[in-house]
Amino acid sequence: MLREKRAQDIEKVLAKYPPERRRSAVMPLLYIAQEEYGYCTPEAIREVAEIIGCDPTEVKSIVGFYTMFYEQPVGKYVIDVCDDLPCALRGADRFVSHCEKKLGIRVGETTPDGKFTLNTVMCIAACDRAPVLQINKQYRYALDEQTFDRMIDELP
Amino acid sequence: MAELVNVTIDGVTVAVPKGTLVVDAAKKIGNHIPVFCYHPKLKPVGMCRMCLVDIGTPKIDPATKQVVRDENGNPVIQFMPKLTTACTTPVSEGMVVRTATEQVRAAREDILEFLLTSHPLDCPICDKGGECPLQNLTLAHGPGVSRFDYDAKFHNEKHVPLGELIFLDRERCIQCSRCIRFQDEIADDHVLQFHDRGRGMEIITFSDPPFDSYFGGNTTDICPVGALTTADFRFKARPWELQSAQSICTHCAVGCNITLNTRLETRHGGFEIKRVMPRQNEWVNEIWICDKGRYVHHFTRSEDRLHLPLIRREGRLVESTWQQALQLVADTLRAADGEIVLMVGDRIPNEDAYLLGQLGRAIGARVSVSPNVPSHYADVARAFGVGKDADFKRLGRGDLVLAVNADVEEQAPVWFLRLRQAVVDRGAQLIIAHHRSTKLHRYASAIHRFEVGRAPEWVQQQAETLAQALQAARHALIVFGDEHLDGPRARALAQLLANLLLQSGHAGRSDSGLLPLYPHANTQGVCDVLSPHTALPPAARVVWAVGVGDPQELPPAGFYIIQEVLHTALVEQADVVLPSLTFAEREGTFTSGDRRVQRFYRALPAPGEAKPDWWIAQEVARRLGFEWRYNSPAEIFEALAKDVPAYAELSYAALSRVVEQWPPIGREDLYYGGTAYDNTGGIGARYAAEAETRALPPYDVTIPEPTIAGLKRGPRMLYRDGELIRRSALLRARMVSLQQVA
Amino acid sequence: MITEYLRKVPVGLATVFKTLFRRPVTIQYPEEQKPMSARFRGRHHLKRYEDGLERCIGCALCAAACPADAIYVEAAENTNEERYSPGERYAKVYEINMLRCIFCGYCEDACPTNAIVLEPIDFPVGYTRESLIYTKSMLLEPPPPGVPGTPQQTPPGKYDRAILPFPPIDESV
């Protein structure tokens, strides 16, 4: 139960909002859930809904809308490669194929050992240093196949 | 009256209230701007882009703040650089709208082509096919040919049960969000939402139990495609095969207007109700009905229906003829020497109740209603009920709704919708007093609690404060129920509330008054036309029970005449069983809880030799020597109107009056308002409360002591254990027995 | 007068004797049948796909198109465990009143899956009205040799389309 495991964090979040506007706390609470379980588990979604007093369907909808909330278990490292237009012009699609080959998975999948998850994302605002990716929200700029391979191999 | 503004749509100038949306203004002058996501009962969102039009406003000189005029003195119209959604743009003075331009035509065609890229085109097997807005609008505005390969179409799940009653076809869904918005804005059950975005966007439910709402069926009516279908109607018939009969829902006191769709069938001797659809009546149910009204119709063709009169011979009920059965009834009644109890249920129409009452009085019987009919306060409601012209739509800011001992959503679901709108959308004040929490509690500005069954005492104690609150309000509507109250105590509650109305000066005013939550469709009507005795004699020679329904204790008697629709447990006690008809197989009138008298029409043929109650009453009367010759309920109603003062001004002609209603509903407008039916059978009429016609004195109230029987009288819930809408293991497992709770 | 009569008799008898040795045009229907044009609209058949599933999806468009109101359809829902036709819907009851039918072929035109075909074989004949109401089992073709009939058990996802792309039209027939 999230409320038992992370009682203090939840209290801290809820304290930021007036009691009649508890619904606004949905996103920070979901982040706590994601931190705790690695992804937004159905049980956690229902619990968050209960805490903020709304229907689980509404919370599920928010989880579904935002790409940074995961509904499935993800790997230890989540790699988000930008394949939007400017990056594509700098060869992002070829780069993504390489990533797939290197990790042995398709976009949206997780390696069998649970270490990596590969996603493509919309613009992450670093077009000047494309191709670009985020690994667990840390930026890595101006990548090519060699730098990517090295990065993967060096990760613990 | 709101300020009017002039707007010109395709050369036609129309004056509409300020704030009207362009799409509505156009509709008023017969310019049908196509829409998918917009619905006149929901807030606009502008999601489908189907309503794109060319909108221009008079050019204003920034320096002088004056309208710029051309050499002829006409205002210069400045059009928006791009097309604008007509469903989100309110009109403004001098606005010019063009809907017939090439640009608009092309936009509509493009939007439709876009929607059809992921639409499966399985119209032949789609339940909406034939009454589908997407079909109709594609025919009217869409491209003639598709540029897309059929095999390359977007595939998605076609069979997603959202709940036990509603199925979703994700391929057909065009993401208009009408269902989501209906659940959010009207029903306030937030069980549907979008999930994901872009191409992956789809409708989901994550609630537990999934799509759990008393009003879920309405989402299938307003769905502009066949994405939402009901488990009940799924693949049952094509819309063009259906015949429709206008009717009134019988399950609660609201009196929702419904249309019964029937079709020729290989079973049940020909016809069967295929679905129940809402019928527009803006004074009663708008265009909504609750799920019980929509799905609970199978009893009309139940295996337990009585087809022939039965007579007990040698201890067994054997099938007989009307001739024999009626003669036996007449002979028994004649021999009973007036020691007769005629007990009438509150589901039978006014005409039949009236005729039975006349017969009962003529033969000296004790005429009463069945013990579970709350007849004790019908006269209070008749005197202090809502005014003749009261309209839920007008209830709003400055008005007060007082709900005492009333669980409105459970007992009169559609009234819950109306009251919720008055409070949430239009700012009426809501005060609730109940011993437990109800869904209406969400909107209350003040919540009071009393002990179980102590509602009359609470009102008496709080009389001063309540009167003050009522006095401050422009109009006051008081909703009350008889949960955990026996007859005399419920009467005391009604009287106390009536006194409050008198005290605060609201008695006899149009939009104020009492709104009792009766259990059935015609409780008020039966009490009006019968004027029943409230007490039953300890014993009688003959008991004649008509439409009493639920198995219960009858007074001990030597001979039981049971007039029923279904083979109930009560029928087993009978000496003679007379089979009668349900509302679907006959015509008549019902009087709703707010005293609106409404007509319903015949939809089905009678099963076997079953007859309407009035015919049975008349045939018995004639065998007892009365010269009655009524040919139809219409003739009986004429006699009733002469006899019952409250109904004096009513006639079948007055009840079948049809007026134009907004929004327009019906065949050519189904893209706009949904597949609810338009009202051609009459909107009915409410008779005036006594307090409106003359000054009434306050009641002298003494509250009787509570009785065990009264306290055991649980809430009469429409959706209760044992009354399953659809037999399901899931639902049964989830339902907590009311006996356990109480 | 009488001479004219005598003159005409042999002429008439000549016709009799001429036809007496000609083959009769009448046939012993229904035991004996005449070949019909391939496009003749005889009685209806409900077709199957090659895998044995019924083409009819119970959409009742034939009933809607029928000018004589001769067709009656009641639909029901397919499941993967008990599948009659591709897609979700199939005809549970399908009846044609052959006495009402005027053999106009509008039902063929209306059918979105080419399920109903009027073929120049096996004409509806009978001695009672009841026997001329053809039920689904009478109308439905047997499955192709070696192929199971319906209902079939099918893998999920294989038949989620009610209307499959038509095979190319064979012009040679």
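Domain bounds here come from an automatic or database domain assignment.

**Entry 1: domains of chain A**

I am working with a predicted model. I looked up the domain assignment of chain A first. The assignment gives domain 1 (2–65) and domain 2 (77–154). Then I checked how far apart their centres lie. Taken over C-alpha atoms, the centres of domain 1 and domain 2 of chain A are separated by 30 Å.

**Entry 2: where the chains touch**

How many residues of chain B are in contact with chain A? I found 13, and they meet 10 residues of chain A. I asked which element of chain B gives the most to this side. Strand E9 (residues 193–195) of chain B does, with three residues. I also sorted the chain B side by class. Five residues are nonpolar, five are polar and three are charged.

**Entry 3: two helices of chain B**

I moved on to a helix pair. Two packed helices are described by the angle between their axes and the distance between the axes. I looked up helix H2 (residues 102–116) and helix H3 (residues 133–141), both of chain B. Their axes come within 10 Å and cross at roughly 140 degrees. Because of that angle, H2(B) is oblique to H3(B). Angles over 145 degrees would count as roughly antiparallel. The crossing of H2(B) past H3(B) is left-handed.

Which residues make the contact? From H2(B) I listed B:Arg108, B:Glu109, B:Leu112, B:Leu115 and B:Leu116. From H3(B) I listed B:Leu134, B:Leu137, B:Thr138 and B:His141. By class, this helix contact has five nonpolar, two polar and two charged residues.

Terms used
Residues numbered from 1 in each chain as written. Chains lettered and ligands numbered in written order. Predicted model: local features only at pLDDT ≥ 70, side-chain atom pairs only at ≥ 80, totals over all residues. Contact = placed C-beta atoms within 7 Å. Helix = DSSP H or I, 4+ residues; strand = E, 2+ residues; numbered from the N terminus. Nonpolar A, V, L, I, M, F, W, Y, C, P; charged D, E, K, R; others polar. Axes fitted to C-alpha atoms, helices over the stretch in contact; angles between N-to-C directions. Parallel < 35°, antiparallel > 145°, perpendicular 65-115°, else oblique. Left-handed = near helix turned anticlockwise from the far one by under 90°.
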